[in-house]
Amino acid sequence: VEGGRQFRSTVKDAVGDLQDLKDIHKDVGETVLEEAHSGTPRSSGQLDATGRSAGTANASIIRFGSAVVRYAGVQHQGWPAHNIEAHPWVTEAAQHTEPKWTEQFKAGVQHILDKIKGL
């Protein structure tokens with residue numbers, strides 16, 4: 001097959017890139033985090049200051065809270081037994097920015113696929 005060696009080599013490289021989507025997931029997480037900051041419940045501002053994102057090979061992760069600011073989960077999910085309503089600001093941010101981060105993800109994957117020669 002003409003170009004077979006190059007095709008196999010570049011597919012192997014692209015598969016390696018697909019398994020390491022950390023940068024793409026980090027960018028997607030940053031997009032959601034930016035939006036989430038505007039919806040974070042505020043009384044002192046401590047909760048908003050704990051917002052951060054990370055990218056793994058499999059997911060974008062947005063976290064709020066810390067050892068000192070332990071109430072992020074309660075604020076997000078609510079606690080009916082204590083009459084605390086849910087305020088899912090991170091989920092809402094992800095939903096609101098979905099068109100933007102979907103395009104970011106598609107562009108990142110396409111960039112990896114464009115490296116494959118011999119198709």
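Let's start with Asn 83: does it count as buried or exposed, and at what relative accessibility?

Modeller: Asn 83 counts as exposed, with a relative accessibility of 72% (buried is under 20% relative accessible area, exposed over 50%, partly exposed in between, using a 1.4 Å probe and protein chains only). Before going on, a quick caveat: this is a predicted model, with local features needing pLDDT of at least 70 and side-chain atom pairs pLDDT 80 or more, while totals for chains, interfaces and linings use all residues. Residues are numbered from 1 along each chain as its sequence is written, and side-chain values use heavy atoms, leaving out hydrogens and water.

Back to the loop. Asn 83 sits between helix 4 (72-77) and helix 5 (89-96); helices (H or I, at least four residues) and strands (E, at least two) are DSSP runs numbered from the N terminus. Its backbone has a positive phi of about 55°, though Asn 83 isn't a glycine. For background, most residues other than glycine have a negative phi.

Zooming out, the protein has 6 helices and 2 strands, and from the N terminus the order is α-α-α-β-β-α-α-α. The radius of gyration is 19 Å, well over the 14 Å that the globule rule gives for 119 residues, so the protein is more spread out than a compact globule. That radius is taken over C-alpha atoms, and the rule is 2.2 Å times the number of residues to the power 0.38. Along the principal axes, the C-alpha atoms fill a box of roughly 70 × 25 × 25 Å. Buried residues make up 27% of the 119.

Now the charged pairs. The structure holds 3 salt bridges, meaning a side-chain nitrogen of Lys or Arg within 4 Å of a carboxyl oxygen of Asp or Glu. In one of them, Lys 26 pairs with Glu 30, the closest N and O atoms being 3.0 Å apart. Those two are 4 residues apart in helix 2 (residues 22-39), so about one helical turn separates them. Lys 26 is partly exposed at 31%, and Glu 30 is partly exposed at 34%.

Asp 48 pairs with Arg 42, with closest N and O atoms 2.9 Å apart. Here Asp 48 counts as buried at 16%, whereas Arg 42 is partly exposed at 49%.

Finally, Glu 103 bridges to Lys 106 at 3.8 Å between the closest N and O atoms. Both lie in helix 6 (residues 98-114), 3 residues apart, about one turn of the helix. Glu 103 is partly exposed, at 47%.
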